[in-house]
Amino acid sequence: MTEVMAALIWRGKRFLACRRPANKARALLWEFVGGKVEPGETRAQALIRECREELGITVAPKDVFMEVTHTYPDMQVHMTLMNAEIAQGEPQRLEHSELRWVTPGELDGMEFCPADEAILQRLQAEHPEPKEAFDPDCVGKVIREMQGPCACGRVHATTVRDIRIGKGLVHRVGEILQENGFAPRLLLVADRNTLAAAAGVQESLGGFQVETMLYPDLRVATMEEVEAVERRIAGQDMSVLSVGTGSLNDICRLACARQDKLLALFATAPSMDGFASYSAPIVQNGFKASWPAKSPEVILGDTEILARAPAALKSAGFGDMIAKYVALVDWQISALLTGEELCPRVAELTRRAVDDLTAMADRVTRNDEETAGQIFASLLLTGVGMSFMQNSRPASGSEHVVAHCLECKQLPEGIVPNLHGEDVGVCTLEMLTLYERLAALETIHARPDATDWQAVEAFYGPLWPEVDRLNRPAPVTDGIAPEQLQALWPQIRAIIRSVPGADACRLAMERAGCKCTCAQIGKPRELLDDCIRFSPYMRRRITLLRLLPMIEEAETR
Ligand SMILES: [Zn+2]
Ligand SMILES: [Zn+2]
């Protein structure tokens, strides 16, 4: 019989669940942190050692919560689960593929090791709170709570003033816009598919004098289209209603920002997180850049319509969300190295939104209104986070830049981009894999930025002048000393390991119906590798990917 110790660690109503790595027995199953008692150790000593080895924390063991015996094909275990408190440190993923704080009501869809079965039953029996029902006002609540002066030094503000998620909203759009003081003349921007999906919206606009801009199928948000919308509203007493997702919203957000017009978005699919966002990714002269725009005043999501949206769009939304793990890592690393502004509350808001959505992976593609409402709310929350920071840091890291780079390289060849979240999802897995490989290095040898600028110029070709400008007067790495990067490496490793690893994310994406490989998104492997290498130069922003030319060991990857 093998003696095993495990820890039950609570934080408020949630306890810590740990997911086993893909390369060990009981791969990717959930468990409690712990392990075998070594000869000569007491049970408490074993528990403390295991928590230190697996999570990098020091725990104070309390009383025994439960003892169980289980026979696996390879061994028989006697496991003692002890209540424990964290005395020092924040859990890091040193062994596991994912860590999650969950309530006993949230265990649906999480597969635990068989030995834990009886424990989970007891936890659920002792904490019978059902999972909280979806609150249609959850996003509004967050905005009201967080708006205003914050400990981070910023005064968080957003122009979003009315967010509604619910059934049958499509028939009330006109009434809601009137309540929000929209001008009697309204420009309705949509494409054929989105307008068909939102059947009933035009009929609801009876009180307005409506002019329509209808696209056949807008896949690329270009500056020409932004200007076309601007020409329709400039100097007029008009407001704008965008019915759709993605590119349609992006052009409207920038056009309305420039012309200072009220904007409402009626979402037809939970396919990306840009609804509440402040910045807009727009293509100009073949170069995709993030433009400061504005958040819409009104955002509406009719759960019936969102639930009916094609599965591919929902999966793409999931891909866009899982990217937040990389974004959060890059943001924290930049804050650590450069002092870039980071609001812990916004970071926590984003983290909670992506964790909640990841936990729902199995249900993402279902035609179910409550699920669709929850997905939409998660997407909105990360947009609100961007809006609060007035930049895209909380939601977009190196993975987004790689995806934008792919798009830029292929646009001149006339290749219509994939759904944003499809490319972003695959790039997220690429980044997580790369970052984990780096986190495995205990120490690094750092050197001054060894970028081969001739190679960068050759890669960008005609786009080079745009890229060159972003890297002047000095490259963004200029303020980072190699010694500093070397000295802070342990913290950087801990940041990487604070988010789920590539294996856990891949599994969640598969469950959510996402494309997971370069081949599935139809991109040549060499092109993706080139974009991974050269994309960081198209943004003036520190990411771990941008730091690779400062890390000698990175070359051996
Ligand atoms: Zn995105
Ligand atoms: Zn803040």
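Which residue in β7 does Cys18 stand opposite? The legends below get to it in Figure 1. This is a predicted model, in which local features need pLDDT of at least 70 and side-chain atom pairs count only at pLDDT 80 or more, while totals for chains, interfaces and linings use all residues. Residues are numbered from 1 along each chain as its sequence is written, and chains are lettered from A and ligands numbered from 1 in the order in which they are written.

**Figure 1. Strand β2 and its partners.** Here, helices (H or I, at least four residues) and strands (E, at least two) are DSSP runs, numbered from the N terminus. Two strands count as paired if DSSP finds at least two bridges between them. β2 runs antiparallel to strand β7 (residues 98–102), and five bridges join them. Cys18 stands opposite Leu99 in β7. With β3, β2 pairs in the antiparallel sense too, over two bridges, and there the bridge partner of Cys18 is Glu31. Strand β1 (residues 2–11) is also antiparallel to β2, again with two bridges. In that pair, Arg11 stands opposite Arg14. The hairpin of β1 and β2 has two residues between the strands, and Gly12 takes a positive phi near 60° in it.

**Figure 2. Ala17, a residue in strand β2.** Is Ala17 buried or exposed? It's buried, because 22 other C-beta atoms lie within 10 Å. (Buried means 20 or more other C-beta atoms within 10 Å of a residue's own, exposed means 12 or fewer, and partly exposed is in between; C-beta atoms are placed from the backbone.) Leaving out residues up to four places away in sequence, Ala17 touches Trp30, Arg100, Val102 and Met110. Contact here means that the C-beta atoms, placed from the backbone, lie within 7 Å. Gln178 is another story: its C-alpha atom is separated from that of Ala17 by 48 Å, and the two residues are 161 apart along the chain.

Figure 3. Most residues other than glycine have a negative phi, and most peptide bonds are trans. Arg26 has a positive phi near 55° and sits in the loop between β2 (14–19) and β3 (30–31). Leu28, in the loop between β2 and β3, has a positive phi near 60°. Arg26 counts as partly exposed because it has 16 C-beta neighbours inside 10 Å; Leu28 is partly exposed, with 18 other C-beta atoms within 10 Å. Elsewhere, a cis peptide bond joins Arg472 and Pro473, with omega about 0°. Pro473 is in the loop between α16 (464–470) and α17 (482–487).

**Figure 4. An open sheet of six strands.** The strand order is β10-β17-β14-β13-β11-β12, and the pairing is parallel. β10 (162–166) and β12 (209–215) stand at the edges with a single partner strand each, so one side of each has no neighbour in the sheet. From one strand to the next, the twist averages 15°. (Axes are lines fitted to C-alpha atoms, for helices over the stretch in contact, and angles run from 0 to 180 degrees between N-to-C directions.) Within the sheet, six bridges join β11 (residues 185–191) to β13 (residues 238–244). Leu188, for instance, has Leu241 in β13 as its bridge partner.

**Figure 5. Helix α7, residues 246–259.** Twelve of the 14 residues of α7 are buried, including Leu248, Ile251 and Leu254. The end C-alpha atoms are 20 Å apart, which agrees with the 20 Å that 14 residues should span at 1.5 Å a residue. (The expected span is 1.5 Å times one less than the number of residues.) Just after α7, Asp260 takes a positive phi of about 55°.

Terms used. Two residues are in contact if their C-beta atoms, placed from the backbone, lie within 7 Å.
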